[in-house]
Amino acid sequence: MIALAPQLINLFATLILLLSFAMISQRRIVSLINIFAMQGVALVAASFLLGYATHQTDLYVSGALTLVLKVIFIPWMLHRLIRRLNVRWDVETLINIPTTMLVGIGLVIFAFSLALPVSRLSHSIAGGSLGIALACVLLSFMMMITRSKAVPQVIGFLSMENGLIFAATTVTNGMPMIVEFGIALDVLVGVLILGVFMFQIREKFDSLDIHNLETLKEE
Amino acid sequence: MHSFTHPGNWLHLDWVLVVVCAWLVIGCAGVAALRRFHFVATVLFPVGACFSVLLMALALSATFAGAEVAVLPLGLPQLPFHLRLDSLSAFFLLLIGGVSAGVSTFAAGYFRKGEGTPPGLICLEYHVFLASIALVVLADDAYVFMVVWETMAFSSFFLVMANHRIPEIRRAGYLYMLVAHIGALGILLCFGLLQANTGDYTFANMRAQHLTPFWGSVAFCLAVFGFGAKAGLLPLHAWLPEAHPAAPSPFSALMSGVMLKIALYGILRVGFDLLQTRIWWWGVLLMAVGLATALFGVVFSTVQVEMKRLLAYSSIENIGLICAGMGLAMLFASHGMQAFSALALTAAMYHMISHAFFKSLLFCSTGAVLHATGERSLGKLGGLIRYMPWVAWPTLIGVLSCAGLPPFGGFVAEWLLLQSFLFTTGLPGAFLDMLVPVMAAMIALIAALSGYTMVKYFGVIFLGQPRDDKLAQAHDAGAWERLGMVWLVTGCVLLGLFPNQMIALIDPLTQLLVHAGLAHTVAENGWLLVPVHMDRASYAPTIFLLGVMATFGATYLLVRKLYHARMRRVPPWDCGHPWQTARMQDSAEGFGQPIRQIFEPFFRMDRHLPTAFDSEPSYKVQVDDPLWHWLYLPVVRLVERVSKVVGLLQQGRIAVYLMYSFVTLIVVLLVVQR
Amino acid sequence: MNALAFVLGFPLLGGLVLALVGHWPRARDVNVVFSLGTFVAACFLTDYVIDHGPQTVWGQQFFIDPLNVFLVTLTAFVGMTTAIFSRPYMRVEQDHGKMTPPRMRLYHSMYQLFSFTMLLGFTTNNLGIIWVAMEAATLTTVLLVSVYRTSASLEAAWKYFILCGVGIAQALFGTILLYMAADKVLGPEHATLLWTSLNDVKGQLDPTIVTLAFVFLLIGYGTKVGLVPLHSWLPDAHAEGPTPVSAVLSGLLLNVAMYAVLRCKVLTDGALGTPMAGQLMMGFGLLSVTVAAFFLSRQKDVKRMFSYSSIEHMGLITFAFGMGGPMANFAGLLHMTVHSLVKSAIFFTVGHATQKAGTQVMSEIRGLIKVNPTVGWGLMLGVMAILGMPPFGVFASEFLILITAMREQPWAAPFLFLALGVAFASILSRVLPMVFGDTTLKALAHPPALLPVFLHLVLALVLGLYIPPYLNGWYVQAASMLGGVMP
Amino acid sequence: MSALGVLSQLLALVTALLLAPLLTGWVNQWRHWLQNKSAPGLLQPYRMLHKLFKKESLVAEHASSLFRMAPYVVFGCMLLASAIVPTLSTDLPLSPAADAIALVGLFALARVFISLAAMDVGTAFGTLGARREMLVGFLAEPALLMVLFCASMITRSTSLTVIVETLANRDLAIYPSLLLAGVAFTMVSLAENSRVPVDNPDTHLELTMIHEALILEYSARHLALLEWAASLKLFAYSCIGLALFAPWGVAHAQAPLALLLALPVLVFKLAVGGIALALIETLSAKMRIFRVPEFLGTAFLLAVIGLLVNVLLGVG
């Protein structure tokens with residue numbers, strides 16, 4: 001089982017990358033949230049496996065933390081939010097899906113070329129996955145730019161966090177515990193605040209479209 | 001900081017610092033008694049004047065003493081305040097003390113109740129202004145120079161904004177502050193070059209540096225730009241005719257009389273003292289700029305209709321003449337002709353101090369007229385000599401001195417300047433020999449034109465019939481105002497009649513800057529002012545005045561004795577036209593009309609001529625500054641266009657902002673990877 | 001080291017207490033008391049550090065050295081004066097009906113928590129915790145900015161959260177890379193993110209990883225510092241929130257971000273040996289100064305204008321630290337201090353002025369001196385100070401920055417002078433009509449608290465003319481510690 | 001300050017006082033003859049002065065003391081000017097007190113005072129005259145200064161006595177710059193002494209009068225003094241002309257006896273000059289007031305070109 005660990009980690013890494021691409025090409029919000037949850041599951045699996053392979057208990061703790069937060073609580077809250085705000089229609093994008101895919105591939109290539117010299121130096125068993133993590137971060141960054149609705153933008157932000165946590169766990173076998181807790185706490189509070197904001201934006205503009213958030217500018 | 005020894009053997013510098021601190025204390029006392037107008041006017045200002053007189057005395061004794069240096073604990077840790085009192089700064093302290101004594105006493109009588117800013121606040125700004133001016137001439141390193149230089153601009157800005165209810169005054173204040181700051185940035189750049197990468201910003205170190213001709217020229221041009229902005233040299237003069245009339249009169253007197261000189265002090269300090277390399281075309285540049293400014297200033301002052309703007313443009317003219325003198329001195333110095341350079345420099349210094357006195361006198365008189373009649377424009381004044389003799393006669397002396405007429409200081413300065421322009425045949429290079437006589441011709445023309453302006457100024461205000469019947473109630477100047485004006489008049493007269501003694505005071509300065517002086521040759525000839533040699537040229541103002549007075553007295557008595565002195569008052573000759581009104585006299589525009597016609601290309605005129613069908617025909621001519629449309633407005637439009645383009649950066653769409661962040665990340669990563 | 005406990009404890013406790021009683025009328029005074037307590041504790045802490053030198057406390061999780069101790073004191077001091085200023089300000093806001101009791105409670109508790117996060121950010125030794133503190137600071141200020149619940153403040157808060165969230169995420173990635181570099185050198189068991197241990201071993205850190213890490217950290221924390229082109233959130237956030245929040249945001253939060261960048265620059269300089277970090281910072285700094293200067297002339301809203309002025313000054317500070325060397329670092333630290341003091345003083349006076357005029361549009365604020373001379377003169381002197389007029393400290397630090405720039409980076413001097421000139425022209429042309437002239441404004445119901453304004457300006461004046469020796473000692477120690485002399 | 005010096009100074013003063021009205025009378029006579037009118041007597045100016053001195057002075061109601069003081073100042077200046085210019089001998093103790101530039105300053109002082117006095121009365125004519133006088137003045141004064149500079153460039157000194165001495169005993173070399181300066185000087189003296197091309201001394205026509213407008217309000221002794229001053233000014237100008245362009249025959253300090261010879265030579269030269277002036281007046285017509293600036297502008301340029309020619313040829 002230990003021998004298989006590096007390949008398994010790479011498998012999970014590619015799975016996360018695949019899910020990021022899926023999120024970019026997704027049109028409906030509900031499936032978008034489900035893919036985000038699946039990405040969380042992959043992340044949890046990777047950290048449990050790594051914890052088992054390197055006998056580090058705090059990886060289990062961080063995996064559990066991610067499981068509770070990113071797989072159970074946040075998707076549940078987003079689903080409840082969508083039902084309350086009856087946001088059903090599909091995701092509007094600023095540029096059409098094929099071009100986003102092309103740009104996505106370009107980003108992945110850039111991320112890999114960037115991370116190649118670094119990953120060779122890392123002697124943890126999943127060194128290679130740094131490139132993939134950086135790719136996930138850039139992809140979710142691009143997703144936030146191209147989405148014109150509040151909910152997809154929030155999901156983009158959260159999937160960026162996923163990418164970062166994945167980088168932390170694989171490249172350096174997890175951050176010190178205190179830092180893990182801090183990050184998790186920040187993400188949780190962040191999501192709560194975003195939820196509150198969405199209610200207020202909805203109540204103020206009776207739509208979640210970012211276009212009416214453009215009044216503050218230079219004439 | 002040397003220990004506080006017994007006051008007996010304090011240096012002059014310490015006493016000057018005592019005077020500066022005293023001024024600051026008076027300023028604070030003014031703030032304490034913010035609204036108590038009587039206490040501020042009759043106690044604080046006169047005490048300030050006494051300290052000015054003390055400063056003058058100190059400067060007199062310091063001119064002949066050696067240079068004194070002091071280091072104050074204030075300032076940056078690595079760069080404490082260095083101060084130095086050498087003969088150059090002593091001369092300027094003399095100028096500051098003399099003029100501010102007169103102006104402070106005048107200001108004591110100048111305030112009236114319930115006018116704009118509370119008098120206490122004005123007292124604070126005034127005395128901070130005086131203190132910073134005195135410190136500028138003492139500064140001996142770049143940091144303290146910049147600090148006191150901008151404090152001077154800062155405090156005079158608040159003086160200009162004294163009655164800020166009027167929108168034009170706010171606009172003038174803004175323009176003044178902006179040009180002053182841009183000038184200061186230029187000066188800072190110049191000091192940056194002068195320290196030549198040694199990192200030590202004291203003037204002593206700057207003197208030791210030998211810059212290459214290129215960097216030396218860049219430093220000099222920056223200095224002329226920076227200090228020229230403050231002095232009102234041609235391209236950067238637009239603020240002066242706006243700011244000086246806006247300030248209350250005693251302070252515009254001080255600004256015109258003293259602050260413009262401090263700007264020229266800067267050029268002297270950098271051009272002659274700090275920069276060791278000297279290149280001939282620097283002098284030519286200064287002369288060209290000076291003369292262009294002078295001609296521009298005098299032509300514009302002739303066509304003004306508002307008395308304080310007229311004096312402001314006349315200040316520009318005099319600054320131009322002084323700059324031309326300094327330029328000539330630099331030209332001679334660069335060719336090693338020290339004696340002639342000393343002559344030109346003495347001429348410039350003489351013009352500086354006489355202009356300080358007579359221009360302050362004229363501004364004080366406009367202040368008195370303004371207070372008596374409440375009227376600024378020349379068109380509504382006239383015949384005030386009957387109601388305000390105590391203001392009219394001193395102003396006459398100021399007018400004669402400003403026009404450069406013989407018995408007074410203005411003429412001596414002009415005489416010396418023309419003499420220095422005559423001895424140019426020794427200069428190598430045919431081009432220079434050609435250039436300088438033409439410059440001499442322009443100086444003569446400018447002096448004559450200033451005579452024209454002054455006749456217009458005095459004639460339209462004080463002589464003739466009052467153009468407005470409310471002028472009859474114009475009350476004469478108060479006691480303090482008279483004392484202030486008398487002090488300034490004595491200054492003008494002494495400068496006019498005793499040039500030898502004044503040149504003896506200027507001599508240490510020229511020895512310091514160009515290592516030559518006139519004192520030796522002048523002292524030999526007793527009453528005669530002989531700059532170079534007896535049969536070369538000589539002028540004795542006292543004998544001259546005695547001659548005119550003697551003939552005046554003799555004819556007066558002879559006519560009385562031989563014939564009689566009967567006189568009868570009759571209505572003036574009306575050429576058969578009974579309805580002679582005061583409006584038939586020349587108005588201010590009328591008197592300036594010939595100049596407007598001759599120097600047409602100088603102005604940007606828009607004239608409103610009444611047509612035949614006007615119900616009430618009116619004639620209006622508006623003369624304004626062409627540079628405003630060629631230089632200032634294009635710069636403002638350029639800045640607006642650039643900021644419109646930059647404004648596009650902030651369009652409000654969050655996706656675009658995210659794009660900025662994303663693109664920056666990618667770009668920086670690529671840059672770093674390479 | 002109980003002084004540090006108090007410094008962190010007071011705001012945390014204050015946040016919790018005010019969460020319960022924030023809506024009471026006396027809550028304003030409680031807020032001041034807590035801030036005062038923090039400030040006193042900070043003074044004790046500084047005293048302690050002066051005598052005993054740098055300290056690592058509580059299992060090396062907290063580290064106090066000359067660099068961050070004077071920033072802690074500055075933050076506590078400005079926090080206290082802002083609390084004093086917010087007492088009358090908030091009472092007037094309540095009268096205008098913009099602040100309901102629940103919102104007051106949110107405001108007070110978030111205010112204290114915000115100062116806690118800043119002080120935590122300064123004192124912690126762990127780079128990860130610095131990141132957590134920055135994220136927490138963003139969260140608390142998002143709530144403070146959106147406290148008025150108007151559409152504009154909502155938009156500003158949303159943009160602020162999204163942009164800063166993305167920015168800080170990149171900083172997290174940089175921290176992870178740093179951790180990876182440390183892991184390689186110290187071995188997996190005792191690899192830590194403690195700055196002191198990283199600082200000791202920074203020579204052996206792998207250059208390629210550290211370069212990548214510094215880029216991510218610089219862009220991440222640079223977004224929080226408001227460097228152009230990452231600055232877009234700053235004018236909206238600073239302009240829409242209540243004025244005490246703008247004062248604290250402009251004055252203090254930018255310093256925390258700059259402090260984080262400085263910590264990373266020290267490590268990068270040690271690891272790389274090449275001036276890459278300094279050059280990047282200089283590039284961003286110069287871009288910020290020039291672009292922000294041209295933004296100023298088109299502003300209509302007074303708080304937006306001063307937030308652009310904050311961008312310009314932070315650009316100048318970044319440029320100074322980018323140049324490196326003892327003189328430039330000294331100037332940068334001095335400029336940080338004086339900018340915080342003067343900018344918060346300006347926001348205090350602007351706060352009162354906007355309340356008088358009922359609007360933030362500058363064309364409707366006229367003749368402050370006539371209505372209330374202290375507010376008018378306070379604003380005038382504050383603006384003169386921020387524009388770099390000499391008696392004030394801003395001129396001293398700008399003077400040092402400019403002359404070092406002329407000596408070491410002559411190519412940058414013309415840009416700096418152009419930017420300073422344009423900024424001077426634009427700000428003065430907007431402020432003069434506001435301060436002078438006739439007015440239609442009416443006096444305020446509650447007398448404005450102007451003690452903080454003149455306290456700040458006097459401090460700035462003192463720093464301009466005479467820097468006391470022990471403060472100078474601080475700066476020189478911190479400057480030499482920052483090192484990074486350009487080759 | 002030798003006794004002889006004082007004597008020659010007093011002699012110069014007396015001759016100036018006496019000869020000035022005579023010169024004016026002489027020019028008027030010749031002008032009338034050339035226009036084939038019957039001319040008034042040679043001594044007519046003296047009789048007019050005597051008549052005016054006897055009359056009672058009528059002063060305008062609002063005229064200030066400046067108005068009454070101005071004639072004396074102007075007369076004093078003109079007398080001092082003619083005392084400074086070396087007419088009979090160059091041994092003049094007063095001359096070191098004022099050189100060429102001071103002389104021009106003296107004329108300017110007189111002009112300013114007379115203009116102010118004209119404005120003091122406050123009628124339309126006064127200010128009109130003052131404006132025109134200053135217009136002529138501000139162009140003529142620099143031109144005169146440049147003419148004097150040409151001479152001082154040659155003789156390397158601005159003191160008038162030194163100029164005359166050096167020019168007188170130089171061998172008869174032709175100075176081109178002096179030729180240009182001479183033409184410029186004649187144009188300037190025509191303008192300054194308000195002769196025909198620029199201003200008509202006899203007329204009171206508002207359109208053309210400059211000098212007359214200034215002294216319109218004066219009467220009796222003040223008018224007499226001003227008339228005398230005007231003739232003194234003409235005398236002074238002609239003496240400057242003679243000094244610069246025909247310096248021979250002036251007694252030198254070393255040769256006191258030549259003093260007696262100098263007087264007749266001076267009278268002869270002045271007579272010839274007077275005839276020339278009368279000739280110019282009859283031949284030229286009066287110019288429009290706004291052609292005067294061009295006229296004086298050309299004079300000024302000629303003088304400056306004279307200066308440049310001097311520098312170019314390096315003469316002297």
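Start with helix H2 (residues 29-54) and helix H3 (residues 57-84) of chain A, which pack at an angle of about 170° with their axes 8 Å apart. H2(A) and H3(A) are therefore roughly antiparallel to each other. Their contact is made of 17 nonpolar, eight polar and one charged residue.

Some conventions apply throughout. This is a predicted model, in which local features need pLDDT of at least 70 and side-chain atom pairs count only at pLDDT 80 or more, while totals for chains, interfaces and linings use all residues. Residues are numbered from 1 along each chain as its sequence is written, and chains are lettered from A and ligands numbered from 1 in the order in which they are written. Helices (H or I, at least four residues) and strands (E, at least two) are DSSP runs numbered from the N terminus. Axes are lines fitted to C-alpha atoms, for helices over the stretch in contact, and angles run from 0 to 180 degrees between N-to-C directions. Angles under 35 degrees count as roughly parallel, over 145 as roughly antiparallel, 65 to 115 as roughly perpendicular and the rest as oblique. Two residues are in contact if their C-beta atoms, placed from the backbone, lie within 7 Å. Ala, Val, Leu, Ile, Met, Phe, Trp, Tyr, Cys and Pro count as nonpolar, Asp, Glu, Lys and Arg as charged, and the others, Gly among them, as polar.

**From chain A to chain C**

Chain C has 19 helices and two strands, and its C-alpha trace spans about 70 × 55 × 45 Å along the principal axes. Of the 487 residues of chain C, 68% count as buried, that is, with 20 or more other C-beta atoms within 10 Å of their own, whereas exposed means 12 or fewer and partly exposed in between, with C-beta atoms placed from the backbone.

**Chain D**

Select chain D next. No contact joins chain D to chain C, and the closest C-alpha atoms of the two lie 40 Å apart. Chain A and chain D do not touch either, with their nearest C-alpha atoms 55 Å apart.

Chain D has 11 helices and one strand, in the order α-α-β-α-α-α-α-α-α-α-α-α along the sequence. Its radius of gyration is 19 Å, close to the 20 Å that the globule rule gives for 316 residues, so chain D is as compact as a globular protein of that length. The C-alpha atoms of chain D fill a box of roughly 55 × 45 × 40 Å along the principal axes, and 59% of the residues of chain D count as buried.

Zoom in on helix H6 (residues 160-169) of chain D, where seven of the 10 residues are buried. These are D:Leu160, D:Thr161, D:Val162, D:Ile163, D:Val164, D:Glu165 and D:Leu167. The buried residues of H6(D) pack against H3, H4, H5 and H9 of chain D.

**Where chain D meets chain B**

Bring in chain B. Of the four pairs of chains in contact, chains B and D share the most contacts. This contact takes 66 residues from chain D and 64 residues from chain B. The largest share of the chain D side, 15 residues, comes from H5(D). That side divides into 43 nonpolar, 14 polar and nine charged residues.

Finish on helices H3 (residues 87-110) and H10 (residues 249-274) of chain B, packed at an angle of about 170° with their axes 9 Å apart. That makes H3(B) roughly antiparallel to H10(B). Their contact has 15 nonpolar, three polar and three charged residues.

Note on methods
Rg over C-alpha atoms; globule rule 2.2 N^0.38 Å.
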